[in-house]
Structures are given as C-alpha cells and as structure tokens.
Amino acid sequence: MEFGINPLVLMTFFPLVGVLVLVFLAPQQKNAMRWTALGTSLVTFAISLWVLFLFDPNKADNLLVQIPWFRLAGVPIQILMGVDGLSILMVLLTTFLTPIAILSTWKAVEEQVKGFMIFFLLLEVGMLGVFLALDLVLFYIFWEFTLIPMYFLIGVWGGKNRIYAAVKFFLFTMAGSVLMLLAILYLGLQAGSFSQPELVANRSLFAGSQLLLFLAFAIAFAIKVPVFPLHTWLPDAHVEAPTAGSVILAGVLLKMGAYGFLRFNLPLFPQASVQAAPVMAVLAIIGILYGGAVAFAQKDIKKLVAYSSVAHLGFVMLGIFALNPEGLSGGILQMVNHGISTGALFLLVGMIYERRHTREMSEYGGLWKAMPIFGGISLVVVLSSMGLPGLNGFVGEFTILLGAFGSKVLGSPWFAGIATLGVILAAAYLLKMFEKTFLGPITKEENKSLKDLNLREIITMVPLLVLIFWLGIYPQPFFNLINPAVEQLVQLVQSAALVLH
Amino acid sequence: MLFQEAVMNSTFSLVPLVVFLPILGILLNWLFGKRLGEKGIGSIASLAAGGSFVVSVLLALALLQNHEGAHIPLFTWISVGNLDLSWVFRVDTLSVTMMLVVSGVSTLIHVYSIGYMHEDVRHQGEPKRFRRFFIFMNLFVAAMMILVSADNFLMLFVGWEGVGLCSYLLIGFWFEKGEGGLGNAKAAKKAFITNRIGDFGLLIAIFLIFWNFGTLNFAQVFEMVPSVAQTQPGVLMAITLFMLLGVTGKSAQIPLYVWLPDAMAGPTPVSALIHAATMVTAGVYLMVRTQVMYMAVPGAQQVVAWVGAITALFAGLIALGQFDIKKVLAYSTISQLGFMVAAVGLGAEVAAIFHLTTHAFFKALLFLSAGSVILGMEHGLEAGSHGHGSNHTDGSNHTDGIHHDDPQDMRNMGGIRKKMPITFIVYLIGALALAGIAPFAGFFSKDEILVAANQGNMLIFVVLVVAAFLTAFYMGRQVLMVFFGDARSDAAKHAKESSLLVTVPLMILALLSVLGGGLNFPGVHTLEYWLEHTLEIPHATEFIVPIALGSLAVALVAIFLAYLVYGRKPLASAKAADPLAKPLGVFFRWMNQKFLVDELYQAVVLGPYKKLADFFAYPVDQGVIDGLVNGMGSLTVSLAGALRKLQTGFARTYALSIFVGIIAILVYLLTRI
C-alpha cells in the first residue's frame with residue numbers, strides 16, 4: 001500500500017474528514033457545506049474506484065486489514081475488514097449513490113444544512129463499515145451505527161409524520177438486532193472467535209444450534225430487507241424521509257439486510273439455510289405479489305415506489321434462496337439494479353415534490369407535456385424498474401427467476417413460476433403510475449407552468465441513466481466481479497446440503 | 001473461391017447494421033433533430049430504415065451464394081453459472097425474409113409518415129412532436145430487427161418486449177387525447193399489460209427450455225428436440241403451450257387479442273406498420289422459428305391450429321359489425337393472423353410466412369389508404385364547417401350513437417371514390433387481395449393455408465373457409481360503404497385527395513399486393529425453396545385446383561352478397577341503421593359490441609384485481625399487519641408501564657434506553673475478561 005494506509009480503512013473513514021470540515025463552518029455558509037459534503041463523497045467514490053482497481057474477484061480476502069482491538073469475555077475482537085465479490089458492488093453502490101443523494105439536496109434542504117450533511121457523511125461511514133466488516137462485533141457496531149444518522153435524517157428533516165416514522169424505523173430495526181446481538185455473542189463464546197472467516201471454518205462447533213442461530217440473524221436481516229410481513233415500517237419511513245434519505249434508504253440500507261443473509265446466514269449456517277430456503281422463498285414470493293398488488297392500490301407516488309421495493313426485494317430474496325449460481329448472482333446484481341432504479345425513482349419523486357409539494361397522483365396528469373425532459377427520463381426509469389429487457393432490471397430479474405426455476409434446493413419450478421407473475425403486476429402498477437402522472441391532458445392549472453429539470457437535476461440523473469443502459473446491455477463485467485465469490489458460496493452450501501441428505 | 005467466400009462472410013458480418021442503423025437514426029434525430037426541421041428528421045429516419053433494408057438485401061444476395069448463413073456474435077451478455085448468453089445475430093433464409101419484410105414495409109411507411117405526420121401534428125396542435133414520432137418509429141425498427149435476427153431465445157425476448165414498448169409509446173403517442181383525455185393512454189397501457197401476460201408465458205417457456213436443454217441458443221436447442229421429445233414429451237408440450245400464450249399476446253389471438261382493436265388509437269402509420277404488417281406477426285415468426293418443437297408434439301400443434309382457426313372466425317364476425325374504418329381493419333388483422341397461426345399448427349410454416357408477407361403488403365396498404373381517407377375526411381371537415389375540432393385518433397368505440405364529425409366512421413363517408421380516385425383504386429386492390437381474389441397476393445397465400453387445412457383437418461378447413469367468406473364479405477361491405485353511394489356528411493362531400501408523399505408509397509404497396517403472389521407462385525415455389533434451407537418442410541405445397549376455384553368462388557359469392565346488401569341500396573344517411581342489423585337482430589348487436597369480451601375481462605379479472613389490491617393495501621396492510629406490529633410496540637410500552645416514571649413519551653428516550661441497555665450488556669461482558 002503505497003499510502004501506508006489500507007485503502008478500505010481510508011475509504012470507510014474518509015467521510016469523517018468532511019465531517020471535521022463541516023463542524024468548523026459557520027451556520028450561514030450553506031453552500032460551502034454542500035460543496036464540502038459533495039466533495040468528500042466524491043473523493044470517497046474515487047477511493048472506491050481505486051479499491052475496485054486493486055480488487056481481485058478470485059480472492060476472498062482482498063485488501064484485508066486485521067488489527068486486534070479488544071477482548072470480550074476472553075474472545076478477541078478485531079478491526080477485521082476485507083472486500084470480496086459479495087461486497088464489492090455494495091461498496092460501489094454506496095459510494096456512487098451518496099454524492100448523487102447529496103446533489104439532490106441542494107435546494108431541498110435549507111434548514112440546518114450542517115447537521116444534515118454531517119449525518120449524511122456519518123451514514124456513509126456506517127454503511128461502508130457494514131459491507132466491509134468481517135468481525136461480527138465490528139459488523140454489529142456499524143450496523144447499529146447506521147440507525148442513528150438515518151433516525152435523525154427522517155426525524156428532523158422529514159415530513160409531517162416524521163417522528164412516528166423515525167421511531168418506527170428505529171424500533172423495528174433495533175428489535176431485530178437485539179436477537180442478532182445475542183446470536184453473535186453466543187457464537188463468539190461458543191467458537192472463541194468473532195471473525196467471520198474463522199467462524200465459517202469452525203462452523204461445526206455450533207452446528208447443533210444453527211437453526212435457532214439462523215433465525216436470530218434472519219429476523220434482523222428480514223426486517224431490514226424488508227421481508228413480508230415485517231415491511232410496514234418501510235412505507236412510513238419512505239414517505240416521511242427527505243428525498244436524499246429515501247434514496248439511501250432504498251438504495252443502500254435495504255441491501256444491508258440482503259447482504260447480511262449472504263455474508264452470515266448462508267456461510268455460517270448452510271444446513272439451516274437449505275432447510276429454511278422454501279420458507280424464505282415463499283415469503284419472498286408473497287413479497288413480490290403482495291407488494292405489487294398493494295403498490296397498485298396506492299395514491300401517493302412515494303408510497304407506491306416504497307411498496308414496489310417490497311416486491312423488488314422479494315425477487316432478491318428469491319434469488320438468494322435459490323442457492324444456485326444463477327439465482328445468487330442475479331440476486332446480487334438485482335440489489336444493485338434496485339438501488340439504481342428505485343434510487344432514481346425517489347429522486348424523480350423528490351424533483352416533482354419540490355415543485356408542487358404534493359405526491360398525490362391525482363394532483364398530476366399530463367406532466368410529460370409540461371416537462372418533457374422530466375417525462376422522458378421518468379419513462380426510462382419506470383421501464384428499468386419494470387424489468388424491460390435491454391435495461392438493467394431485466395437482467396437481474398431474469399437470472400433470479402431462471403435460477404429459482406431450476407433450483408435444486410427449492411426443488412420445484414412452482415416457486416419461480418408464480419413469482420414470474422410479478423412481472424405482470426409490476427407493469428400494472430408502474431404503468432398506472434406513469435399514466436396518472438405523465439399522460440393524459442394537464443388538468444390542474446398549477447401544472448401548466450411547471451419548470452422542466454434544470455442542469456443540476458439532469459446531472460443528478462445522468463449517471464443513473466448510464467448505468468441503467470450499461471447494466472442492461474453489457475452486465476458481464478459486473479457479473480465477473482460477483483461470480484467467483486458466488487461459486488464459492490454455492491459450493492459451501494451445496495456440500496452442506498449433501499451432509500443434510 | 002476463397003475470395004468469394006471471404007466476401008460473403010464479410011457481407012454476413014454486416015448484419016448488426018440492421019439494428020445499428022435505426023439506432024443511429026435515433027441518435028441523430030435526438031441530438032440534431034430540433035435544428036433539422038421536419039424534412040430533415042423524416043429523411044434521417046427514412047434513410048435509417050432504408051439502410052436496414054439495403055443491408056437486408058445484401059444479406060439475401062449473400063445467402064443466395066451460401067444458403068447456410070452465419071452466426072455473427074457481438075459480445076457476451078450474461079454469463080453466470082450454466083447460463084451463457086451473447087448478443088448473436090443469426091443470418092438464415094428465415095431471418096432475412098423477415099428482415100426484408102420488416103425493413104421494406106417500414107421504409108415505405110416512414111416515407112408516408114413524413115406527409116401524414118406533417119398534417120397530423122398540426123391537426124393535433126403539437127408540431128414539435130414530429131421528431132418524437134420518428135424516433136419511436138426508428139426504435140421500433142431496431143427492436144423488430146433484434147427480434148427477427150436473434151440467435152437465442154433471450155435476445156429474441158429483448159426484441160419481443162422492445163417492440164411492445166414501441167407499440168405502447170406509439171399507441172399513446174397523442175397521450176392527452178382520446179376518450180376523456182385518457183383514452184389513448186389507457187389503450188397503450190392495455191396493450192402493454194396484455195402483452196405482459198403473454199410474455200409471462202414466453203418467460204416460463206424460456207425457463208423450461210433452459211433447464212431441460214441446458215442452453216438458450218436456437219441451434220443447440222433445436223438439435224436436442226428429438227431426444228427430449230422421446231424422454232420428456234410432457235416438457236415439450238408445456239414449452240410449446242406456454243410459448244403459445246406469448247404468441248396469443250403478441251399476435252393478438254384468443255384469449256389475448258383484446259388489446260389490438262384499442263391499439264388503433266395510435267396514428268394510422270403506426271396501425272399499418274406495427275399493428276398490421278410487422279410486430280403482430282412476431283408470434284407467427286416465433287412459432288415458425290421453433291417449428292421443430294411444435295412438430296415434435298402433435299397435441300400442441302392441434303391446439304395452435306384451433307386457436308388460430310377460431311380466432312380467424314371470431315374476429316371476422318366482429319369485423320362485420322364495426323363502423324369505424326380502422327376497427328374493421330383491426331379485427332381483420334386479428335382474423336388474418338389467425339389464418340397464419342392455424343397454418344403453423346397445420347405444419348404449413350411456409351404458407352404461414354407466405355401469408356405473413358403478402359398480408360404485410362396488403363394490410364399496410366389498406367391501413368395507409370384508410371389513413372389517406374381519414375386525412376381527406378378531415379380536410380372535408382375543415383372545409384365544410386370551419387375549425388369544428390375533432391380528433392381522428394379517438395380510440396372510443398361507436399357502439400350506439402354516431403359522432404357526426406367522426407372522420408373514421410364509415411357511416412359518415414360514402415362516395416369517396418369520386419373525391420379520392422387514387423386512394424380508391426389502391427384501396428380496392430388491397431381489399432381484393434385481402435378477400436382472396438385471384439390473381440392478387442392474398443389469393444395465393446390464403447389458398448396454401450386452405451390446402452394445408454384440407455389435407456390436415458377437415459373441421460379446421462371448414463372453419464377457415466367460413467372465415468374466408470366473412471373476410472370477403474366485410475371487405476365488400478367496407479369498400480361499398482366508404483367509396484360508393486353518395487356522400488353522407490359534409491366531410492365526405494368536401495373530401496380531398498392526399499398529396500403524393502402519401503399516395504406514392506400506396507402505389508408501391510399496391511403493386512406489391514398485386515404481384516406478391518409471385519413469391520411462392522404455384523409450380524415455382526420460390527419462397528419454399530428459399531426457406532427450405534432453414535425450415536423443415538414435411539410436405540411440399542400443392543396447388544389443388546378445386547380448392548383454389550372453390551375458395552375463389554366463396555370470395556366472389558361473399559362480395560356479391562355484400563353488394564346485394566350494401567351496394568344495391570346504399571345507406572341513405574349517416575343515421576341509417578346497418579341493413580344487417582334488422583335481419584340478424586341481437587346477433588348483430590353482439591358483433592357490434594365485440595361479444596362483450598372486454599366487459600367480461602373487466603368483470604372477471606380487472607375488477608376483482610382492483611378490489612383485491614385495495615383490500616390488501618388498506619384493511620390487510622394498514623389494518624392487520626401494521627396493527628399487529630404497532631400493537632406489539634404498545635405492548636412493550638405497557639410492559640414498561642412498571643417503570644412508569646421512565647415513560648417520558650419521547651421516542652428518542654426509548655431508543656436511547658435500548659441503546660444504553662445494549663451497551664450495558666457489552667460492558668458486562670467486557671468486564672468478564
């Protein structure tokens with residue numbers, strides 16, 4: 001390391017530099033704050049690209065950093081961080097979406113800009129930590145840490161019902177993580193280590209209680225994903241959160257749940273994963289169909305997008321618990337796709353909200369005529385979210401469904417067959433939204449004089465649009481990052497499945 | 001020899017251009033279109049489509065030398081696990097035939113659209129939308145080319161949904177118009193969602209293919225069909241039937257045809273290109289492409305043949321009861337697609353492709369001529385009553401009353417042949433070709449299908465003959481109502497012939513509709529020998545004179561009957577009832593109301609889904625599920641009631657206390673070191 005500092009550590013904690021600068025800025029220097037935050041997040045993104053450059057998909061312990069920290073009941077806790085195929089795209093997604101989210105706040109956040117930006121950068125530290133930590137206690141600390149900035153982002157800068165939503169968000173996640181903490185402590189004391197790689201190697205030590213352990217982790221992660229029926233915090237949190245908060249919430253925070261399954265549940269408790277797979281798949285399918293139906297019934301655009309997340313994350317979960325390479329790789333790619341498409345949808349909702357201060361679909365209609373650029377961009381994003389072939393969403397959905405269809409663990413094509421109905425429901429709710437908002441004549445006087453997107457707003461959207469097409473047409477470089485790690489994981493789980501039978 | 005081969009192979013490697021040229025057209029018009037003006041935009045778009053046609057011709061010429069064709073890979077698309085997909089173009093006689101039809105008809109319609117859309121955007125009051133139209137049209141050509149040139153099922157699916165998107169965008173092109181201002185948008189949405197139901201079937205078929213064949217590449221899959229047919233006939237049955245569901249969506253067959261009539265809300269060139277000549281034939285193409293699979297399961301073939309035959313008959317009946325000039329043609333299209341689907345089911349793939357091609361000529365001709373009539377009517381309307389605004393892309397149906405300024409209602413027409421002589425002649429040619437009158441194109445292609453039915457399944461033969469009778473009858477009715485008799489409205493009285501930009505493409509298409517039968521002329525069978533290099537042809541086509549004469553007689557009788565009903569005594573006024581309404585009674589009303597299938601779907605599928613979604617969203621989600629978790633929350637709070645003093649009511653305090661608790665546990669554990 002030519003800088004003498006591990007790039008992962010540098011990347012994770014670099015946003016703190018921005019925080020430090022922000023602390024010293026006077027309250028009226030709003031633009032300086034914005035630029036500081038944006039600049040910091042852009043540098044962080046640059047560092048993540050450097051990490052990508054150094055990254056070798058075939059290695060499980062890229063850029064590993066291992067520093068003893070303290071001991072807990074005699075068990076060592078370390079600063080243990082590394083990046084592999086399961087996490088690299090999550091890291092990039094985080095560093096990519098953060099500057100975009102910050103850019104979206106330029107006009108939207110006028111109150112207490114300093115606090116907002118500080119929380120936002122702290123949030124980035126937490127998220128990166130979650131994806132990089134390989135020590136369970138360290139992971140847990142980062143995991144819980146992300147709650148605090150998000151709690152404040154919703155609770156302070158949110159909408160009318162923000163306190164209710166923030167508390168709900170906090171308590172839900174907290175309730176889930178309490179069980180996970182117990183499981184982590186049990187694991188550590190049982191196996192004498194909190195290091196994920198060591199625990200995976202010694203998993204026979206706690207194999208006896210793995211179903212319970214699986215459950216303890218699964219509940220924490222399922223709330224975050226969210227898996228039906230633990231999803232009701234999500235619509236509330238999204239509706240109340242400021243746009244940038246929604247972007248990060250949907251784009252990254254939900255992925256922490258799915259990532260948790262990949263990093264911990266599957267490799268630590270492979271037999272339990274195989275046993276639980278059909279149940280998880282059923283919950284995932286309910287999420288897809290139920291989320292799609294409920295989204296269809298929404299009148300508030302943001303709520304509709306929130307429920308569409310339930311459906312989309314259902315696809316991700318189905319892919320993960322197909323437990324074959326197609327399903328898992330598709331699931332990971334779909335996490336990225338969802339981050340891009342849904343992040344973009346929330347940005348678009350935010351842009352129109354800033355103009356009209358309403359998210360009721362009935363307040364709109366004919367926007368494509370009033371705001372042609374906005375309409376065109378929205379169309380592409382909607383199609384991407386709908387899984388139109390040639391755009392990003394399709395590649396993920398297709399590989400997931402294909403994987404699930406032939407999954408030996410699930411053992412029946414019915415799972416994927418029924419889940420595929422979700423593509424019809426997605427078209428129904430998204431096209432309904434597009435029709436109500438963008439098509440038809442302009443019925444409301446206020447909408448006639450709406451200004452189309454300005455340059456900053458277009459710049460916010462362009463990187464997302466580029467990725468929407470790139471991932472749709474040439475996703476292979478992304479798959480190449482994922483595939484080796486997924487193959488390893490599949491082997492691990494399959495050998496466990498053999499033991500099972 | 002070697003040199004020649006090299007030239008040929010380099011010609012084959014041009015195939016990606018059939019997709020990239022239209023994409024280039026899109027980019028150019030997107031970036032510079034605003035500065036170019038209408039002529040520039042139209043020229044770029046037409047040249048892009050024309051360029052695709054030129055490339056297709058070159059490919060066809062190279063294929064004459066080397067019948068085997070080629071696979072031209074671009075780059076890897078998706079490779080995970082056992083799935084290994086690339087963007088690969090397939091050049092063979094079937095794909096190139098489709099390319100020729102698609103790009104050829106597209107080019108003509110692009111040129112026609114320059115004139116048509118010039119009028120239309122002004123009529124609709126949105127001149128700036130001219131550019132968008134041509135961008136969408138080029139996008140359609142690109143997507144359709146991906147569809148027909150794909151070398152694997154998933155790339156085909158990209159084109160398949162891609163053309164669906166273009167259909168959506170172009171049906172809803174005037175998205176602020178139509179019934180209640182949302183009519184066109186709703187028609188577009190209906191088309192997309194109905195097609196998605198079909199796409200669901202196609203996706204399942206693709207999954208089944210992958211897990212039973214291990215690949216999605218055409219050549220490898222087809223090679224393995226015989227062995228799979230031996231070991232797992234059920235799987236093959238499932239694949240072909242799920243695929244058929246996709247076909248019923250895209251090619252508008254029972255039960256998913258309901259979107260196509262509404263799709264007429266799009267501008268007329270769109271109806272001609274996408275909803276008559278090309279896109280809707282994609283389903284037929286898919287089944288012809290996968291003929292090996294269908295041939296391996298006779299049961300599935302039976303189903304396919306019956307779906308096609310019944311659709312041909314059913315849609316023909318509905319066409320008879322329509323008054324909107326485009327709706328008649330739309331149901332006619334469904335009916336003719338039924339003929340093609342039936343042909344595939346009967347194992348007569350060549351006949352299917354033959355009819356697909358001739359139909360592309362004469363149905364595009366009919367739609368574009370209908371567009372010319374509508375333009376003439378609009379002129380007449382404006383000349384007659386000044387600026388009494390109407391909207392010819394109105395997707396509303398005219399079941400009961402009649403809109404007196406509706407330029408698409410045939411009851412408002414009459415006597416147009418004197419006002420628009422060129423349009424009349426080309427329309428007549430198209431109608432005769434569709435009706436199956438020799439020597440026009442439709443006669444030969446339809447005859448081949450009837451021969452196949454006659455040899456394969458007598459019952460289907462009878463159904464198809466009745467459908468053919470209906471075809472000639474409703475076309476007779478239409479031509480007589482529109483062009484003969486006296487003008488029944490001011491608009492018809494003042495109708496004016498369209499410009500050359502509109503009529504010249506019509507003349508070319510008319511020529512093709514006259515000569516198209518030569519493609520597979522009895523005894524010569526050019527198309528059959530051409531497709532033989534790609535398709536399996538179990539029995540060569542025969543020309544059976546009694547059947548040919550018989551079908552000709554059926555068509556002539558039908559036209560004569562149409563003359564007796566509609567020609568001898570033309571409609572007296574726009575308000576007069578259809579002469580068939582009385583004798584047929586309630587049955588005519590059913591035909592007119594499309595046998596209430598839309599209403600049935602509304603009652604059985606859409607309505608219940610809406611109710612279910614509402615039920616899930618409010619009582620279930622907000623009530624039960626959220627109630628449970630909130631209840632659990634308040635339960636916790638009341639448990640904490642023991643420590644009532646701590647219950648500050650501030651959520652932050654609760655959160656903090658949980659956090660403190662966790663830290664306490666950690667501290668406790670730490671001190672145990």
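Because the model is predicted, local features require pLDDT of at least 70 and side-chain atom pairs pLDDT 80 or more, whereas totals for chains, interfaces and linings use all residues. Residues are numbered from 1 along each chain as its sequence is written, chains are lettered from A in the order in which they are written, and side-chain values use heavy atoms, with hydrogens and water left out.

The contact (heavy atoms within 4.5 Å) takes 80 residues from chain A and 66 residues from chain B. About 6400 Å² is buried between the two chains, 75% of it from carbon and sulfur atoms; buried area is the accessible area (1.4 Å probe) that two parts lose on being put together, summed over both. Of the area that chain A buries against chain B, A:F398, A:F405 and A:E435 supply 9%, more than any other three residues.

Five salt bridges are counted between chain A and chain B, a salt bridge being a side-chain nitrogen of Lys or Arg within 4 Å of a carboxyl oxygen of Asp or Glu. Helix α18 (residues 414–438) of chain A gives the most to the side of chain A that touches chain B, with 13 residues; helices here are DSSP runs (H or I, at least four residues) and strands likewise (E, at least two), numbered from the N terminus.

One of the salt bridges joins B:K186 and A:E435 (3.0 Å, N to O). This pair crosses from helix α6 (residues 183–213) of chain B to helix α18 of chain A. B:K186 is partly exposed at 41% relative accessibility, while A:E435 is buried at 1%; buried means under 20% relative accessible area, exposed over 50%, and partly exposed in between (1.4 Å probe, protein chains only). In another salt bridge, B:D626 pairs with A:K168, with the closest N and O atoms 2.6 Å apart.

Within chain B, the side chains of B:R90 and B:D151 meet in a salt bridge (2.8 Å, N to O). B:R90 lies in strand β2 (residues 83–91) and B:D151 in the loop between α4 (130–149) and α5 (153–171), so the pair ties together parts that are 61 residues apart in sequence.

B:H275 is found in helix α10 (residues 268–277) of chain B and is buried, with a relative accessible area of 0%. Residues touched by B:H275 include B:S167, B:W259 and B:T333.

Note on methods
Lists of a residue's contacts leave out its neighbours within four places in sequence.
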